[in-house]
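I opened my notebook to keep track of what I looked up. Here is the structure I had on screen.

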Amino acid sequence: MNALPPFLNIHSHRKPSAKDEFVVRNAYLHYPNSSLSANYFLSFGIHPWFAESNSVNNSFILETLAAQQSCLAIGECGIDRINGPNPHTQIEAFNLQIDVANRLKKPMILHLVKSYSDILQHAHSIKVAWLVHGFRGNEQQANALIDKGARLSFGAAILQDEKLWALLAKMPLDRLYLETDVSNERIQTIYHSAASARNMSVDSLRKAIWTNFERDFNFSYGQ
Ligand SMILES: [Zn+2]
């Protein structure tokens, strides 16, 4: 693509707020009632907070929703050791979703809280690209995840947390994503901050992240 690609917002809970923003919106198991446009796609998943014991049933619903073209990824899903049902229930739901993702060949967007070490044990069963959203760990954790194949997505926390901002600069560019998640920050603000951390132009960062996206999500315009 010769023209500048959009600002990719890989994980958000709202629709795009500008034409040059491309959003993958987290939709849980419900289709949003706003209509989708060329820069607006979805991810479907069972959030670990809502991983109930009927997750087998939910995984059928998930598979139907996730098979649609508008769905680019499975998630957010994962393991949360602070909130939600017991780890056993969460891991059961997570494994079902790994299965769906592998079958549909769609990447996974992971919500991990105090579970970076858990995921290292599951990584081998994930056969698609997987991305840790809202990464807020330390350098050692980041490197361990990257060694196992993870992509790391940074959000609005980099605007406040200088350590995290500095860590972002050390991450391999071909594993990097940016997101707004539930924050009210504009994705453009997060790109500006990340570009200055890496001492590169915002345009080059847009291009690099978009290249990651095309590779990991097998996405190209006009698909
Ligand atoms: Zn989220």
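**Ground rules.** This is a predicted model, so I noted that local features need pLDDT of at least 70, side-chain atom pairs count only at pLDDT 80 or more, and totals for chains, interfaces and linings use all residues. I number residues from 1 along each chain as its sequence is written.

**Whole protein.** I found seven helices and eight strands (DSSP runs numbered from the N terminus: H or I of at least four residues for helices, E of at least two for strands). The C-alpha trace spans about 45 × 40 × 30 Å along its principal axes.

How much of the protein is buried? Buried residues make up 42% of the 223. I count a residue as buried if 20 or more other C-beta atoms lie within 10 Å of its own, exposed if 12 or fewer, and partly exposed in between, with C-beta atoms placed from the backbone.

**α5 on α6.** Helix α5 (residues 162–170) packs on helix α6 (residues 187–198) at about 65 degrees, with the axes 8 Å apart. Axes are lines fitted to C-alpha atoms, for helices over the stretch in contact, and angles run from 0 to 180 degrees between N-to-C directions. From α5 I listed Trp 165, Ala 166, Leu 168 and Ala 169, and from α6 Ser 193, Ala 194, Ala 197 and Arg 198. Contact here means C-beta atoms, placed from the backbone, within 7 Å.

**α6 on α7.** Helix α7 (residues 202–217) packs against α6 at about 100 degrees, with axes 9 Å apart. The two are therefore roughly perpendicular (65 to 115 degrees). In α6, Tyr 191, His 192, Ala 194, Ala 195 and Arg 198 meet Val 202, Leu 205 and Arg 206 of α7.

**His 30.** Where is His 30? I found His 30 in the loop between β2 (21–26) and β3 (40–44). His 30 is exposed, because 9 other C-beta atoms lie within 10 Å. I also checked His 30 against Gly 45: they are 15 residues apart in sequence and 9.5 Å apart in space, C-alpha to C-alpha.

Note on methods. Two residues are in contact if their C-beta atoms, placed from the backbone, lie within 7 Å. Angles under 35 degrees count as roughly parallel, over 145 as roughly antiparallel, 65 to 115 as roughly perpendicular and the rest as oblique.
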